[in-house]
Amino acid sequence: MDSASPHSDDAPQGPAAGSPSDFLKNIVGKKVKVRIGSGIDYHGLLTCLDGYMNVALEETEEWAQGRLIAKYGDTFLRGNNVLYISALEDF
């Protein structure tokens with residue numbers, strides 16, 4: 001292979017740009033929405049996220065069917081309950 005080939009042995013071995021891993025690293029410290037299996041959404045400041053998708057939020061709001069249900073300070077969501085995480089602000 002020539003040196004310009006994308007499959008060169010010198011290519012970086014980390015995650016691809018725009019990968020889910022990059023997204024998750026970039027949203028720590030940002031406002032996010034976390035949907036859990038029951039359909040409840042939690043909006044808050046993402047403070048911590050681990051490899052099991054365990055999520056720690058601050059300034060958390062609980063939303064169900066488009067209505068604000070409750071407000072919490074710090075919240076911990078177990079990763080096995082998390083369906084998805086989406087950014088609520090630019091990162």
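## Arg35 and its partner

Arg35 is partly exposed, with 25% relative accessible area; partly exposed means between the limits for buried (under 20%) and exposed (over 50%), using a 1.4 Å probe and protein chains only. Its side chain meets that of Asp41 in a salt bridge, with N and O 2.5 Å apart. A salt bridge here is a side-chain nitrogen of Lys or Arg within 4 Å of a carboxyl oxygen of Asp or Glu. Asp41 is buried, at 9% relative accessible area.

## Basis of the model

The model is predicted: local features need pLDDT of at least 70, side-chain atom pairs count only at pLDDT 80 or more, and totals for chains, interfaces and linings use all residues. Residues are numbered from 1 along each chain as its sequence is written, and side-chain values use heavy atoms, with hydrogens and water left out.

## Elements of the chain

The chain holds one helix and six strands. Read from the N terminus, the order is α-β-β-β-β-β-β. Helices (H or I, at least four residues) and strands (E, at least two) are DSSP runs, numbered from the N terminus.

## Burial, surface and contacts

The chain has 91 residues, of which 31% count as buried.

A contact means heavy atoms within 4.5 Å. Among contacts with a separation of 6 or more, 39% are between residues 24 or more positions apart.

## The other salt bridges

Side chains of opposite charge can pair when their charged atoms come close. A search of the whole structure finds three salt bridges. One of them joins the side chains of Lys31 and Glu59, at 3.3 Å from N to O. This pair links distant parts of the chain, since Lys31 lies in strand S1 (residues 31–36) and Glu59 in strand S3 (residues 55–64), 28 residues apart. Lys31 is partly exposed, at 33% relative accessibility.

Another salt bridge is between Glu61 and Lys71, whose closest N and O atoms are 4.0 Å apart. Because Glu61 lies in strand S3 and Lys71 in strand S4 (residues 67–72), the pair ties together parts that are ten residues apart in sequence. Glu61 is partly exposed, at 23% relative accessibility, whereas Lys71 is exposed, with a relative accessible area of 60%.
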